[in-house]
Amino acid sequence: MKWIERQRAFMDYTLSSLWRRKSKNASLILVYTLVVFVISSVIFFAGAFKKEAEAVLADAPEMIVQRMVGGRHDLIPTGYVAKVKGIRGVQSVTARLWGYYYHPASGSNYTIMVPENFPHADHAVELGHGVLRTWGTVQGNQIYFRTHDGETLVLSVVKVFEAATDLVTADLILMSEPVFRKISGVAEGFATDLAVRIRNEQERRTIAEKITQAMPDARPILREEILRTYASLFDWRSGYMLVLLSGAVLAFFIFAWDKATGLSAEERTEIGILKGVGWDTADILMIKFWEGIGISLTSFVLGVLASYAHVFFASATLFEHALKGWAVLYPAFTLRPVVDAFQLAVLFFLTVAPYTLVTVLPIWKVSTMDPDIVMRQG
Amino acid sequence: MAKITKTFNAGKTKAFTALRDIDLQIDMNRITVFVGPSGSGKTTLLSIIGCMSRPTSGRIFLNGRETTSLTQRFATEVRRNTFGFIFQSYNLIRGITVLENTMIPAYPGGSKHGIVKRKAMDLLDRLKIGSKAHQKVESLSGGEQQRVAIARALINGPSVVIADEPTAHLDTDLVMALLDIIAEIKEEGKTILIASHDPLIFQSSIVDRVVNLRDGAVVE
């Protein structure tokens with residue numbers, strides 16, 4: 001009980017001390033909060049995107065098979081479907097037709113695709129909000145395409161995807177197979193790639209090996225490899241941002257060091273007075289500890305809360321482009337809140353612990369001196 | 001006190017001996033005044049008696065227990081519980097209130113906040129400064145600040161009160177008021193040690209003993 005009362009008294013004194021030097025402490029908290037805000041925004045953003053990628057790919061086929069020519073992706077003969085289907089453990093194989101369509105008026109690349117089921121006539125298309133937003137030449141529900149051999153093709157928009165699905169449908173145009181082949185120039189008997197579903201996922205690597213042996217020009221890509229690529233992409237981008245910010249972080253620590261270690265004559269005298277009226281060295285260090293914790297914890301909490309709001313309510317407006325990468329068409333969507341406790345804990349220990357140490361250590365020498373000497377020097 | 005010597009910057013070219021072989025017995029429950037010119041070692045002696053600094057050599061015994069060889073932690077505990085110090089320039093902490101300044105010595109003791117606060121208010125009321133409890137100390141006059149310093153010195157119920165040049169910034173009326181307070185504190189059974197070269201203090205009838213110091217030594 002006595003210990004609790006002691007700590008309460010020290011915390012009271014610490015708060016009073018912080019308030020007495022409010023401009024110095026306010027500027028420290030502001031800068032510290034900004035640093036935490038930026039770093040935790042990057043953590044939240046990258047984490048949320050990785051989670052979104054996982055969610056999007058959750059229903060994706062376990063394996064995609066592409067054909068490689070000259071080290072580059074080429075069209076795959078639909079005859080490969082039977083070969084892959086014949087491998088034990090393969091549940092189903094679907095030849096996929098998809099590609100990109102460059103529209104000069106908007107300068108954007110759109111994804112064109114033939115879904116498994118397309119319940120409309122050949123002249124119809126379904127498209128995403130981002131397509132409508134950027135196409136520029138949609139008249140009524142008519143949309144003009146230029147085919148691979150230079151002809152103009154007019155198609156009718158029969159469905160626009162909901163805005164909530166923008167993350168995956170913003171640039172998407174679904175169409176029938178004949179129209180796709182006319183626009184893209186993919187000949188009959190060929191597909192873009194094969195979507196392979198596997199009964200037992202544990203056998204995926206074995207099946208991939210067999211596909212490579214049966215078709216040496218085929219490249220199987222596992223779903224986990226796609227996920228890993230997305231994760232690496234966002235880790236690389238967020239790491240790049242943090243490297244760019246490292247200068248600011250370093251400047252902050254130099255600033256904090258200067259503020260925390262610079263004992264003014266007034267502060268030295270105060271320590272001498274406290275020792276003179278019966279405070280121990282440990283008591284002096286304790287109030288400095290509470291001071292360091294108070295500032296760093298306040299800044300950490302404020303910074304994390306602000307970054308949470310910034311990323312999950314304001315869509316990381318401040319630097320979303322740096323993390324999303326360059327594009328003409330950015331999907332509008334709200335990220336689902338994802339909190340990586342481990343990364344936040346690391347951030348906590350990398351910010352709160354060093355600052356608290358930086359506050360306490362310089363006081364050590366002064367607090368161990370005889371109060372008489374400290375007061376005379378003050 | 002047995003052969004107390006204090007040398008500052010010992011072993012260096014700027015070495016200065018403030019106290020030389022002080023042998024002294026101080027009676028409890030008495031008012032003892034240390035008199036001497038500036039630089040005679042009064043403040044240094046009081047600082048060593050009050051466990052605020054250590055002598056270069058010699059020993060001090062308090063109620064039969066040696067205090068000079070105590071570790072810093074125990075010396076601090078003795079200082080907090082036994083001695084109440086009234087500094088020459090009061091050394092109140094600016095920016096905080098009269099009440100907070102009075103309560104500060106009691107914080108490490110771990111007593112309940114409410115009890116310490118009540119005790120502090122009682123002391124301030126007794127010293128007729130209770131009405132200014134919530135004012136910042138820098139807004140007070142010299143005499144008022146000194147009374148705050150006295151209240152702070154008494155908050156832990158010390159048996160020894162040490163006052164270093166308590167009348168340095170006071171006029172005659174305030175000095176007489178201070179002497180009344182000191183007499184009251186003595187009536188409570190406390191021992192009072194004062195360093196002063198003010199005749200109003202060392203010639204006062206309430207003083208039991210005067211010790212003359214010159215050049216760091218006791219002058220008989």
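Tutor: In helix α2 of chain B, which spans residues 72–82, the buried residues are B:Ala75, B:Thr76, B:Arg79 and B:Arg80 (buried: 20 or more other C-beta atoms within 10 Å of the residue's own, with C-beta atoms placed from the backbone; helices: DSSP runs of H or I, at least four residues, and strands: runs of E, at least two, numbered from the N terminus). Part of the cover over the buried residues of α2(B) is provided by β7 of chain B, residues 83–86.

This is a predicted model, in which local features require pLDDT of at least 70 and side-chain atom pairs pLDDT 80 or more, while totals for chains, interfaces and linings use all residues. Residues are numbered from 1 along each chain as its sequence is written, and chains are lettered from A and ligands numbered from 1 in the order written.

B:Ile22 counts as buried because it has 24 C-beta neighbours inside 10 Å. Apart from neighbours within four places in sequence, B:Ile22 is in contact with B:Met1, B:Ile4, B:Leu45 and B:Val218 (contact: C-beta atoms, placed from the backbone, within 7 Å). B:Lys6 lies 16 residues from B:Ile22 in sequence, and their C-alpha atoms are 9.6 Å apart.

Chain A contains 13 helices and 12 strands, and 31% of its 378 residues count as buried. Of the contacts in chain A that link residues at least 6 apart in sequence, 84% join residues at least 24 apart.

Between the two chains, 24 residues of chain A are in contact with 25 residues of chain B. On the chain A side, α1 (2–20), α9 (265–276), α10 (281–312) and α13 (371–377) each supply at least two residues. The largest share, 10 residues, comes from α1(A).

Two of these helices also meet within chain A: the axes of α1(A) and α10(A) come within 9 Å and cross at roughly 60°. Here, axes are lines fitted to C-alpha atoms over the stretch in contact, with angles running from 0 to 180 degrees between N-to-C directions. From α1(A), the contact involves A:Phe10, A:Met11, A:Tyr13, A:Thr14, A:Ser17 and A:Leu18. Their counterparts in α10(A) are A:Asp283, A:Met286, A:Ile287, A:Trp290, A:Glu291 and A:Gly294.

Key. A residue is buried if 20 or more other C-beta atoms lie within 10 Å of its own, exposed if 12 or fewer, and partly exposed in between; C-beta atoms are placed from the backbone.
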